Amino acid sequence: MERTERAVGAVVGSAVGDALGAPFEFGPAGAFTGRFPKPGPGEMCGGGGWDPGEATDDTQMALHLAESLLERGGLDLPDVFARFQRWAAAEPKDIGLQTEQVLNNGMPWDLAAAFHFESTRRAAGNGSLMRATTSAVYFARQGRDASMDAARSIAALTHGDPAAWAGTAIYHELLRVALDGGDPLDALPEALAHVPAEHRERYAVVLAPGWHPDQATEFNGAVWPCLGSAVWALRVTSGFEDALRAAVDLGGDTDTVGAVTGGLAGAVHGFGAIPPQWTQPLHVPLPGAGDRVLRLPELADLARRLDAGA
Ligand SMILES: [Mg+2]
């Protein structure tokens with residue numbers, strides 16, 4: 001499979017997972033397969049304020065990040081932060097609580113997240129992980145260390161807890177391996193070895209082969225079980241469609257678990273494995289950037305440019 005097929009699979013796969021999971025957010029486990037016992041039409045159903053195929057804040061932030069990387073020709077952290085702020089000010093339908101607080105607390109880009117973390121000590125949400133597929137594709141060709149460093153820096157814009165940086169860095173690395181045609185599950189030990197020791201054990205638990213999302217000690221809106229659930233969904237299935245059905249069926253923060261799973265599974269199985277009935281209604285409104293709405297052709301083009309861009 002060509003690398004481009006994997007890059008487009010990752011970016012489109014993540015958006016698809018986001019849109020597929022959105023109507024089931026905060027619902028119970030089993031809600032998705034309860035409604036759709038077998039794969040088929042209608043699964044991209046909308047609901048909970050979302051139109052069928054509409055992607056949420058996860059993908060919107062990922063696309064703002066992507067456009068910054070491409071237009072600035074690299075990582076311009078103040079520019080990414082400013083784009084996130086413009087997006088937040090344009091009243092997106094959904095925005096993570098922590099992300100909203102950081103983007104609106106009036107502090108400069110390099111202090112806002114740290115300021116929030118100092119006052120709350122709670123900043124290990126999955127909100128930096130959920131938007132990382134585009135940056136993972138962009139930085140993959142620069143190698144493991146550069147890609148993991150970029151992941152940490154981008155995560156730190158909105159998340160002051162280094163645990164969130166570590167999870168996002170692991171995700172970047174798994175996606176880098178997948179884009180190279182490797183198996184991200186095989187890359188887990190090496191990825192964990194590049195996580196600071198104080199964060200390694202907690203990730204080692206949720207990324208272990210025998211771990212199941214039922215064993216999570218936090219809601220999957222936290223970064224550890226979110227990443228663990230995505231890797232679990234990839235591990236226990238053999239195709240994109242099954243991986244996403246398993247991920248969304250976990251309940252909870254279904255759009256984000258779907259987005260993270262979709263990025264990984266899309267890179268592993270390729271764009272051709274994503275069901276057309278999921279990509280056909282897919283659309284990503286982009287508040288804060290001229291109110292454009294991106295669909296499959298624009299997303300695929302963006303993925304190709306990210307893959308070629310760095
Ligand atoms: Mg969302």
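Let's begin at one residue: leaving out residues up to four places away in sequence, D249 touches A29, G30, A31, F32 and T33, where contact means heavy atoms within 4.5 Å. Keep in mind that this is a predicted model, in which local features need pLDDT of at least 70, side-chain atom pairs count only at pLDDT 80 or more, and totals for chains, interfaces and linings use all residues. Residues are numbered from 1 along each chain as its sequence is written, and side-chain values use heavy atoms, with hydrogens and water left out.

Where does D249 sit? You'll find D249 in the loop between α13 (240-248) and α14 (254-269). Helices (H or I, at least four residues) and strands (E, at least two) are DSSP runs, numbered from the N terminus. With a relative accessible area of 17%, D249 is buried; the labels are buried for under 20% relative accessible area, exposed for over 50%, and partly exposed in between (1.4 Å probe, protein chains only). The side chain of D249 also reaches the backbone nitrogen of F32, at 3.1 Å. As for G46, it is 203 residues away from D249 in sequence and 15 Å away in space, C-alpha to C-alpha.

Now hop over to T134, which is part of helix α7 (residues 133-140). Is T134 buried or exposed? Its relative accessibility is 1%, so T134 counts as buried. If you skip its neighbours within four places in sequence, T134 is in contact with V11, A62, L63, L65, A66 and L306.

Time to zoom out. The protein chain holds 16 helices and two strands. Its radius of gyration (taken over C-alpha atoms) is 17 Å, close to the 19 Å that the globule rule gives for 310 residues, so the chain is as compact as a globular protein of that length. That rule is 2.2 Å times the number of residues to the power 0.38. Along its principal axes, the C-alpha trace spans about 50 × 45 × 40 Å.

How much of the chain is buried? Of the 310 residues, 59% are buried. Among contacts with a separation of 6 or more, 73% come from residues 24 or more positions apart. The accessible surface (Shrake-Rupley method, 1.4 Å probe) comes to about 11500 Å², and 52% of that belongs to carbon and sulfur atoms.

Terms used. Polar contact = N/O pair within 3.5 Å; in protein donor to acceptor, adjacent residues only side chain to side chain.
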